[in-house]
Amino acid sequence: TENSSYIIVLDALGHGLHLYYGGQLEHRESFENLYSPMELGQGCSISASKDTPGLSLNNIPREYGEISRGDYRLGSVELQDIQGDQAWDFTFSEARILQDKKEIPGLPSALPAQDTQTLELDFKDLANRAVLRLVYSVFPEWDVITRRAEIHNLQDRLTVKNLMSFSLDFSQGSWDITSLPGRWIAERQIHRRPLQQGITEMNSRRGISSHDCSPFFMLQHPGSSEHQGESYAFSLVYSGSFSARIEQSNREEIRLQLGINPQGFSWELKKNQIFHSPEGVLSYSSEGSNGIRRNMHGFVQNHIIRGPWQWKDRPVLINSWEANYFDVNEKKILKQAKQAADLGMELYVLDDGWFGHRDDDTSSLGDWFPHAKKFPRGLKPLAEKINALGMDFGIWVEPEMICLDSKLYREHPDWLVQSPSGLEPCPGRNQYILDLTREEVCDYIKDSLGTLLKSAPIGYMKWDMNRSLSDLYSPGLPPENQGEFQHRYQLGLYSILEYVSAHCPELLLEGCASGGGRFDLAMLCYSPQIWTSDNSDGFERQAIQRGTSLFAPPSTMGAHVSSVPNHQLLRQTTLETRFNTAAFGVLGYELDPGKLRPWEKKVIQGPIKL
């Protein structure tokens with residue numbers, strides 16, 4: 001890239017060795033000075049082959065490491081062949097440089113720049129059972145390199161048990177880990193601590209990227225600060241369960257990996273089939289945390305966000321949730337919209353409570369048609385009247401979920417994710433999960449959303465997801481393939497989002513998962529803005545937005561001015577403070593404009609104009 005170099009060589013046997021990743025080096029024919037192979041046998045170490053006695057795969061910096069051949073560090077790839085054999089040895093066979101970047105079948109990934117080049121390295125198993133392909137794409141302007149891996153099966157059947165998107169070996173040195181742990185209403189809190197010997201893991205096993213831990217982290221030189229010092233950033237274009245693992249040996253050598261969480265995961269490949277890992281993102285800066293921010297913001301804005309809203313100013317919205325909760329109807333919403341329009345707001349979003357017979361959170365998820373009593377004429381007359389006020393109209397949905405009290409469940413009880421053992425499925429917020437591994441379920445959601453979006457002039461959709469996955473089982477998968485459930489769920493979700501994007505290209509989609517439970521690069525490929533947290537407190541939001549800003553630009557962060565006392569924390573803050581915080585994201589309001597005092601209306605009008 002413009003400011004970094006990444007150097008790979010092959011050892012005598014054809015294994016990929018990682019020599020260097022960091023500040024840009026001048027090109028020369030050989031970088032042998034960066035590599036000092038330890039070819040002296042030590043204790044109980046294992047030699048890579050009889051022809052290279054003393055050369056242990058455990059002692060060299062590898063570009064990608066299979067297990068069972070003497071490398072006892074974290075494995076990047078774990079496979080099992082038709083005989084149950086788990087010993088693999090991949091050596092170099094072919095390399096290609098492409099003047100472009102390929103899409104990943106079924107998965108979102110970064111869009112190429114005009115100067116993006118891609119390197120493909122093929123490593124073939126010595127027993128001729130599979131090909132491991134490592135794929136690197138370079139984004140020079142933003143000092144970003146993306147990495148991913150593929151397994152091409154050459155035999156009758158093969159099981160993938162682990163395939164990290166990338167693995168990276170660092171030589172000795174002291175480093176700090178900066179990660180973004182959190183919880184509901186306190187997402188992505190910046191946490192920095194020294195890296196120590198042993199294995200450090202940051203992960204999600206929830207089926208979503210989660211409130212608990214973000215699929216983004218950094219390695220930073222202990223002396224680095226906000227504006228100076230070496231920093232490396234790593235992220236994943238994926239919305240499901242992930243694992244970020246760092247192992248530091250007793251010689252202080254470091255291996256780090258990021259990819260699909262291997263816990264409970266397996267994937268069967270038939271002959272000539274390919275499994276693709278999600279795309280990993282790597283970035284280097286010598287200018288501290290803020291250098292990483294500049295790199296990631298430019299990369300996300302130019303290569304992750306897409307469609308007409310990539311560069312378009314976002315409307316100042318008002319959301320109905322905290323003003324009304326489930327108590328909505330056409331007359332009430334239209335009155336609030338008129339009051340909001342007078343204040344300069346540009347988009348009215350009708351949140352939960354508008355569909356099926358939804359009067360609380362016990363019913364109707366899956367029934368995406370208007371509530372007959374609240375909106376007897378449907379949504380079209382309301383949307384048109386709001387449009388006549390000079391405002392756009394938006395809607396809230398939660399398409400991945402189902403309630404037991406719903407028309408959909410009565411017609412298709414088998415679409416609910418549950419164990420075949422008879423165990424009752426675990427509820428979350430009185431809702432259950434639809435089986436997105438099944439094509440007919442995804443087709444139903446596509447048809448329902450398509451019908452809804454055609455029924456009225458809807459310019460915005462808030463896509464929510466209010467629980468983690470559980471009871472993982474699908475009757476559509478044979479017993480030996482149940483380990484594919486979580487990843488197939490993600491592929492189903494992405495297929496629905498692709499459909500919505502293709503059929504409603506002008507729609508502004510905002511992601512949400514109980515606030516910021518799925519704020520990741522994959523969702524940003526479909527939703528140019530995401531609700532950053534259910535916590536709209538003007539003080540707490542500053543830490544949440546600061547952590548999120550390590551990888552996401554302000555244009556992606558939904559940020560609302562809500563009423564006081566704050567509904568999550570009961571804190572009182574001034575309107576000015578709430579605006580000053582929300583202005584560092586996509587500005588919105590979450591309050592009842594009819595309850596504002598005259599001076600409050602004046603205070604709101606000025607910042608909206610600004």
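This dialogue goes through selected features of one predicted model.

Trainee: Which conventions apply to the numbers and values here?

Mentor: Residues are numbered from 1 along each chain as its sequence is written, and side-chain values use heavy atoms, with hydrogens and water left out. The model is predicted, so local features need pLDDT of at least 70 and side-chain atom pairs count only at pLDDT 80 or more, while totals for chains, interfaces and linings use all residues.

Trainee: How many disulfides does a search of the whole structure find?

Mentor: A disulfide is a covalent bond between the sulfur atoms of two cysteines. The criterion used here is a pair of cysteine sulfur atoms within 2.5 Å. The search of the whole structure finds zero. For C442, which is in no disulfide, the nearest cysteine sulfur is that of C504, 17 Å away.

Trainee: Is C442 buried or exposed?

Mentor: Buried means under 20% relative accessible area, exposed over 50%, and partly exposed in between, with a 1.4 Å probe and protein chains only. C442 counts as buried because its relative accessible area is 4%. C44, at 73%, is exposed.

Trainee: What is the volume of the largest pocket, and which residues lie nearest its centre?

Mentor: Rolling a probe the size of a water molecule over the atoms shows where empty space is left. On a 1 Å grid over the protein atoms alone, a pocket is an open set of points where a 1.4 Å probe fits, with protein on both sides within 12 Å along at least five of seven lines; lining residues have an atom within 4 Å of a point. Grid points are joined across faces, edges and corners, and the volume is the space filled by probe spheres set on the points. The largest pocket comes to about 830 Å³. Its lining has 31 residues, with S5, Y6, I7, I8 and L119 nearest the centre.

Trainee: Which elements give two or more residues to that lining?

Mentor: Strands are DSSP runs of E with at least two residues, helices are runs of H or I with at least four, and both are numbered from the N terminus. The elements in question are β1 (4-10), β2 (16-23), β5 (117-125) and β6 (130-139). β1 supplies the largest share, seven residues.

Trainee: Which strands make up the closed barrel?

Mentor: Two strands pair if DSSP finds at least two bridges between them. The barrel has eight strands in the order β19-β20-β21-β24-β25-β26-β27-β28, with parallel pairing. Neighbouring strands of this sheet are turned by 30° against each other on average, direction ignored; axes are lines fitted to C-alpha atoms, and angles run from 0 to 180 degrees between N-to-C directions.

Trainee: How many bridges join β19 to β28?

Mentor: Two bridges join β19 (residues 317-319) to β28 (residues 586-590), and the two strands run parallel. Within this pair, I318 stands opposite Y589 in β28.

Trainee: Which residues have a positive phi although they are not glycine?

Mentor: Most residues other than glycine have a negative phi, and most peptide bonds are trans. S210 has a positive phi of about 85°, and N272 has one of about 70°. S210 sits in the loop between β11 (198-204) and β12 (213-220) and is buried because its relative accessible area is 5%. N272 belongs to the loop between β16 (267-270) and β17 (274-276) and is exposed, at 59%.

Trainee: Where is the cis peptide bond that involves P565?

Mentor: The bond joins V564 and P565, with omega about 0°. P565 lies in the loop between β27 (557-562) and α10 (575-582).

Trainee: What separates the C-alpha atoms of Y409 and S364?

Mentor: They are 45 residues apart along the chain, and their C-alpha atoms are separated by 9.0 Å. Y409 is in helix α5 (residues 407-411) and, at 24% relative accessibility, counts as partly exposed. For D443 and K335, 108 residues apart along the chain, the C-alpha separation is 36 Å. D443 is in helix α6 (residues 439-455) and is partly exposed, at 31%.
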